[in-house]
Amino acid sequence: MREAIVEARAAAIAGEVPIGCVIIHDLTRQIIGAASNRRVRDSDPTAHAEILALRQAGRRQGDWRLEDCTLVVTLEPCPMCAGAIVNARIPRLVFGCSDPKAGAVQSLYQLCSDPRLNHRVDITGGVLADECASLLKEFFAAQRAMGKK
């Protein structure tokens, strides 16, 4: 989670919502994907940290199936990212703070554990949750102070 927080801090510095993600290859313990949000920089609504890290990990592995990896992200994934995690066959998800407005892992939806889907994910939430939540709170407080949305 500490590496994901480093990514999140980099996003904040770049003016992006501070969410960071790393993907760890379980056998080698190497980070094979690392990203932060880039929606503003890339003018891309799909440029969430998880999506970018999944793309990077897939390229590095040479396979869209990431069956021997753990995805670590600072905020509970949204529906798009939770769906991508399931589709990538990620076996384990670790996230920091919950997202009561858009969380699709435990808060609003439970996509990663839905028995109707072809894959389920082992979920660990709340890892360094206070630190992850503080990054978001500080970022949005600063945005409001500058009069931004």
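**View 1. Ser 43 counts as exposed, at 67% relative accessibility.** The model shown in this and the following views is predicted. Ser 43 belongs to the loop that connects α2 (39-42) with α3. Its phi is near 50°, a positive value in a residue other than glycine. The cut-off for the exposed class is over 50% relative accessible area, and Ser 43 is therefore placed in that class with its 67%.

**View 2. Leu 128 sits in the loop between β5 and α5.** Phi of Leu 128 is also a positive value, near 50°, in a residue other than glycine. At 30% relative accessibility, Leu 128 counts as partly exposed. The partly exposed class lies between the buried cut-off, under 20%, and the exposed cut-off, over 50%.

**View 3. The open sheet has five strands in the order β2-β1-β3-β4-β5.** Pairing within this sheet is mixed. β2 and β5 (122-124) are the edge strands, and each of them pairs on one side only. On average, and with direction ignored, neighbouring strands are turned by 15° against each other. Strands of a sheet pair through backbone hydrogen bonds, in either the parallel or the antiparallel sense. Both senses can be followed here: β1 and β3 are antiparallel, whereas β3 and β4 are parallel.

**View 4. Strand β1 (residues 20-25) is mostly covered, with six of its six residues buried.** In a regular strand the side chains alternate between the two faces of the sheet. For β1, one side carries Gly 20, Val 22 and Ile 24, and the other carries Cys 21, Ile 23 and His 25. Residues on both faces are buried. Helix α1 (residues 2-13) lies across β1, β2 and β3, and runs at about 150° to β1.

**View 5. β1 and strand β2 (residues 30-36) run antiparallel and are joined by six bridges.** His 25 stands opposite Gln 30 in β2. The hairpin formed by β1 and β2 has four residues between the strands. Arg 29, in this hairpin, takes a positive phi near 65°.

**View 6. Ile 31 is found in strand β2.** Ile 31 has a relative accessible area of 33% and is partly exposed. Leaving aside neighbours within four places in sequence, the contacts of Ile 31 are Glu 3, Val 22, Ile 23, Ile 24 and Arg 60. Asp 42 is 11 residues from Ile 31 along the chain, and the C-alpha atoms of the two are separated by 23 Å.

**View 7. Strand β3 (residues 69-75) pairs with β1 and with strand β4 (residues 92-97).** The pairing of β3 with β1 is antiparallel and extends over five bridges. Val 73 in β3 is the bridge partner of Cys 21. Five bridges also join β3 to β4, here in the parallel sense. Val 72 has Val 94 in β4 as its bridge partner, and Leu 75 stands opposite Cys 97 in β4. β4 is mostly covered, with five of its six residues buried.

**View 8. Helix α3 (residues 49-61) packs with helix α4 (residues 79-87) at an angle of about 25°.** The axes of α3 and α4 are 9 Å apart. Angles under 35 degrees count as roughly parallel, so α3 and α4 are roughly parallel to each other. Their crossing is left-handed. From α3, Glu 50, Ile 51 and Leu 54 meet Met 80, Cys 81, Ala 84 and Ile 85 in α4. By class, the residues of this contact divide into six nonpolar, no polar and one charged.

**View 9. The axes of α1 and helix α5 (residues 129-145) cross at roughly 5°.** The two axes come within 11 Å. With this crossing angle, α1 and α5 are therefore roughly parallel to each other. Arg 2, Ile 5, Ala 8, Arg 9 and Ala 12 are the α1 residues in the contact, and they meet Glu 131, Cys 132, Leu 135 and Phe 139 in α5. The contact of α1 with α5 has six nonpolar, no polar and three charged residues.

Key. Residues are numbered from 1 along each chain as its sequence is written. This is a predicted model: local features need pLDDT of at least 70, side-chain atom pairs count only at pLDDT 80 or more; totals for chains, interfaces and linings use all residues. Side-chain values use heavy atoms; hydrogens and water are left out. Axes are lines fitted to C-alpha atoms, for helices over the stretch in contact, and angles run from 0 to 180 degrees between N-to-C directions. Helices (H or I, at least four residues) and strands (E, at least two) are DSSP runs, numbered from the N terminus. Angles under 35 degrees count as roughly parallel, over 145 as roughly antiparallel, 65 to 115 as roughly perpendicular and the rest as oblique. A crossing is left-handed if the near helix is turned anticlockwise from the far one by less than a right angle, and right-handed if clockwise. Contact means heavy atoms within 4.5 Å. Ala, Val, Leu, Ile, Met, Phe, Trp, Tyr, Cys and Pro count as nonpolar, Asp, Glu, Lys and Arg as charged, and the others, Gly among them, as polar. Buried means under 20% relative accessible area, exposed over 50%, partly exposed in between (1.4 Å probe, protein chains only). Two strands pair if DSSP finds at least two bridges between them.
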